[in-house]
Amino acid sequence: MKNNFIQRAITGALFVVILVGCILYSPLSFGILFTIISALSVHEFAHLVNKSGEVGINRTITALGGAYLFLALMSFCTSAIDARVFLPYLGLLLYLMITELYLKKKNPIGNWAYSTLSQLYVALPFALLNVLAFQNSPETSSVTYNPILPLSIFVFIWLSDTGAYCVGSLIGKHRLFERISPKKSWEGSIGGAVFSIASSFVFARFFPFMSMWQWAGLAVIVVIFGTWGDLTESLMKRQLGIKDSGNILPGHGGMLDRFDSALMAIPAAVVYLYILTMI
(Lines give C-alpha, C1' and ligand atoms only; values in the text may rest on other atoms or scores of the structure.)
Protein backbone atom coordinates (compact mmCIF):
# COMPACT_ATOMS: atom_id res chain seq x y z
CA MET A 1 0.00 0.00 0.00
CA LYS A 2 2.79 2.41 0.95
CA ASN A 3 4.78 1.64 -2.20
CA ASN A 4 1.67 2.17 -4.32
CA PHE A 5 1.04 5.54 -2.66
CA ILE A 6 4.65 6.62 -3.30
CA GLN A 7 4.38 5.48 -6.90
CA ARG A 8 1.14 7.41 -7.39
CA ALA A 9 2.61 10.51 -5.77
CA ILE A 10 5.76 10.49 -7.91
CA THR A 11 3.85 9.81 -11.13
CA GLY A 12 1.27 12.47 -10.29
CA ALA A 13 3.91 15.07 -9.49
CA LEU A 14 5.86 14.38 -12.70
CA PHE A 15 2.63 14.47 -14.71
CA VAL A 16 1.70 17.90 -13.32
CA VAL A 17 5.23 19.32 -13.71
CA ILE A 18 5.51 18.19 -17.35
CA LEU A 19 2.01 19.38 -18.27
CA VAL A 20 2.29 22.77 -16.57
CA GLY A 21 5.88 23.27 -17.73
CA CYS A 22 5.15 22.51 -21.38
CA ILE A 23 2.06 24.72 -21.44
CA LEU A 24 3.88 27.69 -19.88
CA TYR A 25 7.27 27.33 -21.58
CA SER A 26 6.42 28.00 -25.21
CA PRO A 27 3.89 27.34 -28.00
CA LEU A 28 6.32 24.74 -29.38
CA SER A 29 6.48 22.70 -26.16
CA PHE A 30 2.69 23.04 -25.82
CA GLY A 31 2.21 21.72 -29.36
CA ILE A 32 4.66 18.83 -29.01
CA LEU A 33 3.19 17.67 -25.71
CA PHE A 34 -0.44 17.65 -26.81
CA THR A 35 0.31 16.16 -30.20
CA ILE A 36 1.84 13.20 -28.34
CA ILE A 37 -1.02 13.10 -25.81
CA SER A 38 -3.61 13.17 -28.62
CA ALA A 39 -1.97 10.28 -30.46
CA LEU A 40 -1.52 8.18 -27.31
CA SER A 41 -5.08 8.81 -26.12
CA VAL A 42 -6.67 7.91 -29.45
CA HIS A 43 -4.47 4.81 -29.71
CA GLU A 44 -5.52 3.81 -26.18
CA PHE A 45 -9.19 4.31 -27.03
CA ALA A 46 -8.83 2.18 -30.16
CA HIS A 47 -7.07 -0.55 -28.17
CA LEU A 48 -9.87 -0.60 -25.59
CA VAL A 49 -12.71 -0.92 -28.07
CA ASN A 50 -10.81 -3.56 -30.05
CA LYS A 51 -10.45 -5.66 -26.89
CA SER A 52 -14.22 -6.09 -26.81
CA GLY A 53 -13.95 -8.33 -29.88
CA GLU A 54 -16.97 -6.66 -31.46
CA VAL A 55 -15.03 -4.20 -33.59
CA GLY A 56 -11.55 -3.89 -35.06
CA ILE A 57 -10.47 -0.35 -35.87
CA ASN A 58 -7.06 0.73 -37.14
CA ARG A 59 -5.18 1.95 -34.06
CA THR A 60 -2.25 3.43 -35.99
CA ILE A 61 -4.29 5.38 -38.52
CA THR A 62 -6.74 6.75 -35.95
CA ALA A 63 -3.84 7.76 -33.66
CA LEU A 64 -2.11 9.55 -36.55
CA GLY A 65 -5.44 11.21 -37.31
CA GLY A 66 -5.63 12.52 -33.75
CA ALA A 67 -2.09 13.88 -33.92
CA TYR A 68 -2.68 15.48 -37.31
CA LEU A 69 -5.95 17.11 -36.22
CA PHE A 70 -4.16 18.79 -33.31
CA LEU A 71 -1.34 20.05 -35.53
CA ALA A 72 -3.75 21.16 -38.26
CA LEU A 73 -5.88 23.21 -35.88
CA MET A 74 -2.75 24.64 -34.27
CA SER A 75 -1.50 25.74 -37.70
CA PHE A 76 -4.90 27.23 -38.52
CA CYS A 77 -5.22 29.07 -35.19
CA THR A 78 -1.73 30.55 -35.53
CA SER A 79 -2.51 31.64 -39.12
CA ALA A 80 0.42 29.59 -40.35
CA ILE A 81 -1.81 28.14 -43.07
CA ASP A 82 -5.39 28.46 -44.24
CA ALA A 83 -8.25 25.93 -44.04
CA ARG A 84 -6.62 23.74 -46.70
CA VAL A 85 -4.58 22.23 -43.86
CA PHE A 86 -7.65 20.13 -43.02
CA LEU A 87 -7.85 18.47 -46.45
CA PRO A 88 -5.43 15.61 -45.61
CA TYR A 89 -7.49 14.96 -42.46
CA LEU A 90 -10.66 14.67 -44.53
CA GLY A 91 -8.75 12.27 -46.77
CA LEU A 92 -7.88 10.17 -43.71
CA LEU A 93 -11.54 9.99 -42.67
CA LEU A 94 -12.47 8.89 -46.20
CA TYR A 95 -9.72 6.28 -46.06
CA LEU A 96 -11.17 4.83 -42.84
CA MET A 97 -14.59 4.60 -44.49
CA ILE A 98 -13.48 3.19 -47.84
CA THR A 99 -11.11 0.55 -46.51
CA GLU A 100 -13.99 -1.17 -44.72
CA LEU A 101 -15.34 -2.06 -48.18
CA TYR A 102 -12.31 -4.28 -48.78
CA LEU A 103 -11.20 -5.56 -45.37
CA LYS A 104 -14.14 -7.97 -45.02
CA LYS A 105 -14.39 -7.52 -41.25
CA LYS A 106 -17.47 -8.78 -39.41
CA ASN A 107 -18.72 -5.40 -38.20
CA PRO A 108 -17.87 -2.64 -40.71
CA ILE A 109 -20.57 -0.27 -39.41
CA GLY A 110 -19.21 -0.65 -35.88
CA ASN A 111 -15.69 0.01 -37.18
CA TRP A 112 -16.88 3.17 -38.93
CA ALA A 113 -18.70 4.32 -35.82
CA TYR A 114 -15.83 3.74 -33.39
CA SER A 115 -13.21 5.17 -35.76
CA THR A 116 -15.28 8.35 -36.02
CA LEU A 117 -15.88 8.36 -32.26
CA SER A 118 -12.14 8.17 -31.62
CA GLN A 119 -11.78 11.46 -33.45
CA LEU A 120 -14.90 13.19 -32.11
CA TYR A 121 -14.64 12.06 -28.48
CA VAL A 122 -10.85 12.03 -28.00
CA ALA A 123 -8.96 13.87 -30.76
CA LEU A 124 -11.21 16.91 -31.24
CA PRO A 125 -11.20 18.11 -27.59
CA PHE A 126 -7.39 18.11 -27.48
CA ALA A 127 -7.27 19.96 -30.80
CA LEU A 128 -9.67 22.59 -29.41
CA LEU A 129 -7.04 23.51 -26.80
CA ASN A 130 -5.51 25.53 -29.63
CA VAL A 131 -8.62 27.72 -29.77
CA LEU A 132 -8.04 28.56 -26.10
CA ALA A 133 -4.29 29.02 -26.42
CA PHE A 134 -4.07 31.24 -29.50
CA GLN A 135 -5.95 34.51 -29.85
CA ASN A 136 -6.08 36.87 -32.81
CA SER A 137 -5.56 40.53 -32.04
CA PRO A 138 -7.69 42.68 -34.41
CA GLU A 139 -5.63 45.77 -33.57
CA THR A 140 -2.27 44.32 -34.58
CA SER A 141 -3.49 41.54 -36.92
CA SER A 142 -1.24 39.13 -35.04
CA VAL A 143 -1.70 35.95 -33.06
CA THR A 144 -0.65 35.76 -29.42
CA TYR A 145 -0.06 32.69 -27.30
CA ASN A 146 -1.97 32.76 -24.02
CA PRO A 147 -1.07 29.68 -21.95
CA ILE A 148 -3.25 30.72 -19.02
CA LEU A 149 -6.59 29.71 -20.53
CA PRO A 150 -5.65 26.08 -21.36
CA LEU A 151 -3.77 25.82 -18.07
CA SER A 152 -6.79 27.07 -16.13
CA ILE A 153 -8.93 24.23 -17.50
CA PHE A 154 -6.59 21.65 -15.98
CA VAL A 155 -6.20 23.56 -12.72
CA PHE A 156 -9.98 23.73 -12.30
CA ILE A 157 -10.27 19.99 -13.04
CA TRP A 158 -7.47 19.03 -10.64
CA LEU A 159 -8.86 21.16 -7.82
CA SER A 160 -12.37 19.86 -8.45
CA ASP A 161 -11.12 16.27 -8.28
CA THR A 162 -9.07 16.96 -5.16
CA GLY A 163 -11.88 18.83 -3.44
CA ALA A 164 -14.43 16.18 -4.39
CA TYR A 165 -12.23 13.42 -2.96
CA CYS A 166 -11.51 15.26 0.31
CA VAL A 167 -15.05 16.48 0.95
CA GLY A 168 -16.64 13.25 -0.28
CA SER A 169 -14.40 11.18 1.99
CA LEU A 170 -15.38 13.26 5.00
CA ILE A 171 -19.10 13.92 4.59
CA GLY A 172 -20.21 12.27 1.33
CA LYS A 173 -23.54 10.48 1.83
CA HIS A 174 -25.76 11.14 -1.18
CA ARG A 175 -24.66 9.28 -4.31
CA LEU A 176 -24.22 11.46 -7.38
CA PHE A 177 -24.58 8.72 -10.04
CA GLU A 178 -24.60 5.36 -8.30
CA ARG A 179 -25.35 3.34 -11.43
CA ILE A 180 -22.08 4.39 -13.07
CA SER A 181 -19.77 5.62 -10.30
CA PRO A 182 -20.87 4.46 -6.83
CA LYS A 183 -18.15 6.36 -4.96
CA LYS A 184 -19.04 9.85 -6.17
CA SER A 185 -21.26 11.95 -3.93
CA TRP A 186 -23.16 15.21 -4.28
CA GLU A 187 -21.31 16.58 -1.27
CA GLY A 188 -17.97 15.80 -2.86
CA SER A 189 -18.95 17.32 -6.20
CA ILE A 190 -20.16 20.52 -4.55
CA GLY A 191 -16.98 20.67 -2.46
CA GLY A 192 -14.87 20.25 -5.58
CA ALA A 193 -16.81 23.03 -7.29
CA VAL A 194 -16.10 25.36 -4.35
CA PHE A 195 -12.37 24.63 -4.64
CA SER A 196 -12.39 25.41 -8.38
CA ILE A 197 -14.48 28.56 -8.08
CA ALA A 198 -12.21 29.82 -5.30
CA SER A 199 -9.19 29.32 -7.56
CA SER A 200 -10.96 31.26 -10.34
CA PHE A 201 -10.81 34.37 -8.14
CA VAL A 202 -7.03 33.91 -7.95
CA PHE A 203 -6.88 33.73 -11.74
CA ALA A 204 -9.02 36.88 -11.95
CA ARG A 205 -6.63 38.67 -9.57
CA PHE A 206 -3.46 37.86 -11.49
CA PHE A 207 -4.83 37.53 -15.04
CA PRO A 208 -7.50 40.21 -15.43
CA PHE A 209 -8.08 39.74 -19.17
CA MET A 210 -11.42 38.33 -17.97
CA SER A 211 -13.56 39.67 -15.15
CA MET A 212 -13.95 37.83 -11.85
CA TRP A 213 -17.42 36.59 -12.78
CA GLN A 214 -16.28 35.44 -16.21
CA TRP A 215 -13.50 33.43 -14.57
CA ALA A 216 -15.98 32.02 -12.05
CA GLY A 217 -18.36 31.10 -14.88
CA LEU A 218 -15.54 29.28 -16.66
CA ALA A 219 -14.78 27.32 -13.47
CA VAL A 220 -18.44 26.32 -13.11
CA ILE A 221 -18.59 25.17 -16.75
CA VAL A 222 -15.39 23.14 -16.35
CA VAL A 223 -16.62 21.49 -13.14
CA ILE A 224 -20.03 20.53 -14.57
CA PHE A 225 -18.81 19.23 -17.91
CA GLY A 226 -15.69 17.74 -16.35
CA THR A 227 -17.92 15.66 -14.06
CA TRP A 228 -19.93 14.48 -17.06
CA GLY A 229 -16.67 13.66 -18.85
CA ASP A 230 -15.52 11.58 -15.88
CA LEU A 231 -18.86 9.74 -15.77
CA THR A 232 -18.77 9.15 -19.52
CA GLU A 233 -15.43 7.39 -19.32
CA SER A 234 -16.64 5.43 -16.28
CA LEU A 235 -19.64 4.28 -18.31
CA MET A 236 -17.36 3.20 -21.14
CA LYS A 237 -15.06 1.25 -18.80
CA ARG A 238 -18.05 -0.35 -17.07
CA GLN A 239 -19.43 -1.53 -20.41
CA LEU A 240 -16.02 -2.86 -21.46
CA GLY A 241 -15.51 -4.53 -18.06
CA ILE A 242 -12.18 -2.87 -17.23
CA LYS A 243 -10.85 -0.94 -14.23
CA ASP A 244 -8.29 1.34 -15.92
CA SER A 245 -8.04 2.48 -19.52
CA GLY A 246 -4.33 1.60 -19.57
CA ASN A 247 -1.13 1.47 -17.53
CA ILE A 248 1.04 4.11 -19.19
CA LEU A 249 0.99 6.19 -15.98
CA PRO A 250 1.99 3.92 -13.06
CA GLY A 251 -0.53 4.16 -10.26
CA HIS A 252 -2.84 6.41 -12.31
CA GLY A 253 -4.00 4.18 -15.15
CA GLY A 254 -4.06 5.30 -18.76
CA MET A 255 -4.21 8.54 -20.69
CA LEU A 256 -8.01 8.48 -20.83
CA ASP A 257 -8.14 8.05 -17.05
CA ARG A 258 -6.13 11.26 -16.63
CA PHE A 259 -7.92 13.32 -19.27
CA ASP A 260 -11.48 11.98 -19.11
CA SER A 261 -12.83 15.17 -17.50
CA ALA A 262 -11.01 17.38 -19.99
CA LEU A 263 -12.57 15.64 -22.98
CA MET A 264 -15.89 17.34 -22.24
CA ALA A 265 -14.65 20.35 -20.30
CA ILE A 266 -12.48 21.70 -23.14
CA PRO A 267 -15.23 21.89 -25.82
CA ALA A 268 -17.65 23.34 -23.24
CA ALA A 269 -15.07 25.98 -22.28
CA VAL A 270 -14.59 26.93 -25.94
CA VAL A 271 -18.36 27.39 -26.40
CA TYR A 272 -18.58 29.42 -23.16
CA LEU A 273 -15.75 31.75 -24.17
CA TYR A 274 -17.21 32.26 -27.65
CA ILE A 275 -20.55 33.18 -26.07
CA LEU A 276 -18.76 35.74 -23.89
CA THR A 277 -17.30 37.41 -27.00
CA MET A 278 -20.78 37.63 -28.54
CA ILE A 279 -22.42 39.32 -25.55
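**Salt bridges and pockets in a predicted model**

Reader: Which residue forms a salt bridge with Lys237 at 2.9 Å between the closest N and O atoms?

Author: This is a predicted model. In it, Lys237 forms a salt bridge whose closest N and O atoms are 2.9 Å apart. The pair links distant parts of the chain, with Lys237 in helix 8 and its partner in helix 9 (residues 255-259), 20 residues apart. That partner is Asp257.

Reader: Is Asp257 buried or exposed?

Author: Buried means under 20% relative accessible area. Asp257 has 8% relative accessibility, so Asp257 counts as buried.

Reader: Which residues are linked with Lys237 in a network of salt bridges?

Author: Lys237 also meets the side chain of Glu233 in a salt bridge, at 3.7 Å from N to O. Lys237 and Glu233 both lie in helix 8, 4 residues apart, about one turn of the helix. Glu233 counts as buried, at 1% relative accessibility. The residues linked with Lys237 in the network are Glu233 and Asp257.

Reader: Which parts does the salt bridge of Asp230 and Lys184 tie together?

Author: The side chains of Asp230 and Lys184 meet at 2.7 Å, N to O. They are 46 residues apart in sequence, so the pair ties together helix 8 (residues 212-240) and strand 4 (residues 181-185).

Reader: Is Lys184 buried or partly exposed?

Author: The limit for buried is under 20% relative accessible area. Asp230, at 13%, counts as buried. Lys184 has 23% relative accessibility, so Lys184 counts as partly exposed.

Reader: Which element gives the most to the lining of the largest pocket?

Author: The largest pocket holds about 1900 Å³ of space. Of the 46 residues that line it, those closest to its centre include Lys184 and Arg258. Among the elements giving two or more residues to this lining are helix 1 (2-25), strand 4 and helix 8. The most, 10 residues, comes from helix 6.

Reader: How many charged residues does the lining of the second largest pocket have?

Author: This pocket has a volume of about 530 Å³. Of the 17 residues that line it, those closest to its centre include Val131 and Tyr274. Helix 10 gives the largest share, 5 residues. By class, the lining has 12 nonpolar residues, 5 polar residues and, of charged residues, none.

Definitions and conventions:
Residues are numbered from 1 along each chain as its sequence is written. This is a predicted model: local features need pLDDT of at least 70, side-chain atom pairs count only at pLDDT 80 or more; totals for chains, interfaces and linings use all residues. Side-chain values use heavy atoms; hydrogens and water are left out. A salt bridge is a side-chain nitrogen of Lys or Arg within 4 Å of a carboxyl oxygen of Asp or Glu. Buried means under 20% relative accessible area, exposed over 50%, partly exposed in between (1.4 Å probe, protein chains only). On a 1 Å grid over the protein atoms alone, a cavity is a set of points where a 1.4 Å probe fits but cannot get out, and a pocket is an open set with protein on both sides within 12 Å along at least five of seven lines; lining residues have an atom within 4 Å of a point. Grid points are joined across faces, edges and corners, and a volume is the space filled by probe spheres set on the points. Ala, Val, Leu, Ile, Met, Phe, Trp, Tyr, Cys and Pro count as nonpolar, Asp, Glu, Lys and Arg as charged, and the others, Gly among them, as polar.
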